[in-house]
Structures are given as C-alpha cells and as structure tokens.
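Look at the sequence and the model below.

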Amino acid sequence: MTTSLSILGSISREDFLRDYWQKKPLLIRQALPGFIPPLDIDELAGLALEETVESRIVMEQGSDGPWQAFNGPFEESFFETLPEENWTLLVQAVDHLLPEVGAVLQHFDFLPRWRMDDVMISYAPIGGSVGPHIDYYDVFLLQASGQRRWRLGQFCDESTPLLPNTRLKILTDFQANPEQDWVLEPGDLLYLPPQLAHWGTSLSEDCTTWSVGFRALSAEEALCGAADFIGERLREDQRYTDADLTLPRHTAEIDDAALERLQKLLQQVINSPAALSEWFGRAMTQTKYADQLIPQDTDWTTATLNELIEYAEATENLLAVSEGSRLAFRSAAEGQWLFADGEAWFYSASLQPWIEDLCRRFTFDTQFIKLALHNSESATLLLHLINQGSIYLLDEDAGDEQPLH
Ligand code: SIN
Ligand code: CO
C-alpha cells in the first residue's frame, strides 16, 4: 500500500479506487486545510447574470409550490426578491470560466481527466437546499465556505418514487442513514458514488459548496453515438444474409436463426476496434457546451510559433489549455490518436512521449514549443489545437495565468 499526501487524506489513491470509487461514500475532514475560495458570493452571483453561463435558483417554498427551479441568466433585481433563507443558487462549469477554480482539478489526478464533467458552485443562505435527490454522476463535494449539513440515504434507481408537480427530481422517500449525517466545514470533502440519495442543507449565511462531477456515458448515449459514427462508415453491401436458410416452419415466423443472424451482423460491425476507439475518444473529449471553443480568426503557422518564442525566456509560459477543453490520447494495437474537444488526429508511435507530456500540462513554456517545432508532426498537432481554440495564447502583460478571452 502506498500512501501520499493528497486530497484523499490518509487514504491512498489505490485504496480509494478499490474500496470507495463508484461503491460507497467517503468523508475526508480537512482534505484541503485552509482552503480559501478564489471567488466570493457576489462574484458567483455576478456569473449568474451572464448570458453564456448556465445557472439555476432552487426554492424550497416557491410562490407556485414547493421545490421550484428558475433558470438563469438572472436580472440583478431578481436577487432582491429572494427571501432571507431557504434557497440555493447553482452555477455550472465555473472551472470553464476561471482558471483559479479549474486549478482544483489538479487534486483529482488519480482519476482519468476525460471522466470529469465540471465544477459546479452553489451558494445558499441558512436552510438552502436542493432537496433529497440522486445524481447519476460521481461527485466530490468540497465545502468552500460556511457550513453545510449532509445527510445520506439509500441507493436508488429510475423506479424510485419522485415528488410530483416539480421538475426537480426530489425523492418522496428519503431513508436517512443516521450514521451518515455530517456537518461539513471549509476544506472538508465528501465523495458520493452515483445513485446514492443525499440531502445537503446550509447551516450558515455564507455556505458555498463546490461539486466536482465525473460524468458517465449512459448505455443509450454509447449505443446511439457509436452507431451513428460507425454507421456512416459502413458499406451498402454489408447486410443481413441468410444463405443458411432452411424451410420455414411458418412463413410469418421470425425464428431463432433469424435473430442469431441479426446479432452476428451487429457484432461484426461493432467489433471494429479502430472505429470504436476513435468514436470513444471524440465523444469523451467533446466540449460541455456547443459554442465553447474560440478558434483563431486566422490560422497560426509554424512561423507564428517561431515569432512567439523568438525573444521569450525558456521557462516562460506562453500558451495554456483552454479552461474546459478536454484532451486525451489512445495508444493501442489499432492505432494512436490524440483527441481534443471532439476532434481526433493520428500520430506516430515515436511521438508518444511528447503526446503524454502535452496531455499532462496545463501551460506550455518556450522550451515545450521549441521541442514541438523540431518535429513537423508535433508542430502540426500543436497548431491544430491552437487553431481550433483548445490551446490559447496567454496574455503577456497580465501575467502567466490570465486568459485572453
Ligand atoms: C448543492 O451544492 O447544494 C447541491 C449539490 C448536490 O447535491 O449535488
Ligand atoms: Co447532488
């Protein structure tokens, strides 16, 4: 067993994955001791006014009945109409907006980065809650400020009864486990596996909670997505065949042999490792929001990169992965692909160390860019990422971590 200082406290990454991940909840007191959120409640509320930001307000006692949800963007005046207590503001994908929020993801390097969805931040005055519910995602709930009481319940599924007359999925029968009833203080972290009922209620005026969510593809998404992708590559002559047909018992009957032929056909087309690899990599790196990437107005070339590094210090960070961009690679018998934000490119096996370095980084210094320029393949890949907006130019005047957009 290896133990190391991490957000998991005294639990090693290996033990966490074996005993807790997707299996049972885990409370880690002081996972991030002294944690100070890089944005305050006013700044969070400010984000909820913006057109391009996904936000919600949930009220336990709305004017039209219990558990009402309102979608943002909100007018400033709407906040003034809210009661003193018992409501919650939720802002999605704050890591896509603020690199200092995205920085928290570095603590989760024991999980594949492409499983990560976003960091949602909630604010609630006393009594604020989104009700007892389940999520189909794994979630790490980091208490950022104030106190929140978390009560955990039973594992649920699609058949678990929900409250009528609200579009929120509130459980009618929350079976609180008295042993899993905790008050979280700033810096505490609670991991919840999918489908475990939970209910968080603010105990203070300044309760903010960060939800680091890990998405999981539904079987429907996998089947439909892969079928669409592979379907486009199939030939007209790939069809149901029944050269083995024997005299039917009844001319209207679809017999077992027919079903077996169908299954064989489907298995044949789905059994394409290269197509599945490419589709999965593209799907897992798809951006959360459709219009998220900001491509270059005019494509960069190697000349642009050479110009950029000409007078820069070796260690100066010049480029950064766009907040919310998803990079992944697959190196397998059927091929090597670099994936970024839904796009895929082949690469040669000799480029593997460079690809791994690229996918580990958040920023790129002069040295990295120089190395990329030594090889036309890595230079081309880097340019693809810059030109489609997955990597952007840091603002020299504003310091390393400030994005240009
Ligand atoms: C919250 O932060 O209030 C809700 C988070 C959750 O239960 O998933
Ligand atoms: Co939840």
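Which residues form one aromatic cluster? Phe 16, Tyr 20, Trp 21, Phe 108, Phe 110, Phe 140, Tyr 191 and Phe 214 do. The model is predicted, so local features need pLDDT of at least 70 and side-chain atom pairs count only at pLDDT 80 or more, while totals for chains, interfaces and linings use all residues. Residues are numbered from 1 along each chain as its sequence is written, chains are lettered from A and ligands numbered from 1 in the order in which they are written, and side-chain values use heavy atoms, with hydrogens and water left out.

A pair of aromatic rings is described by the distance of the centres and the angle of the planes. Rings of Phe, Tyr and Trp (its six-membered ring) pair if their centres lie within 6.5 Å; planes under 30 degrees apart count as stacked, over 60 as edge-to-face and the rest as tilted. There are 25 aromatic pairs in the structure. In one of them, the ring centres of Phe 108 and Phe 110 are 6.1 Å apart and the planes stand at 45°, so this pair is tilted.

Phe 108 has a relative accessible area of 4% and is buried (under 20%; exposed is over 50%, partly exposed in between, with a 1.4 Å probe and protein chains only). Phe 110 is also buried, at 10%.

A charge sits over a ring if NZ of Lys or CZ of Arg is within 6 Å of the ring centre and within 35 degrees of the ring normal. Arg 233 has its charged end over the ring of Phe 229, 3.7 Å from the centre. Arg 113 lies over the face of Phe 362, 4.5 Å from the ring centre.

The count of disulfides (pairs of cysteine sulfur atoms within 2.5 Å) is zero. Cys 156 is buried at 5% relative accessibility, and Cys 207 is buried at 0%.
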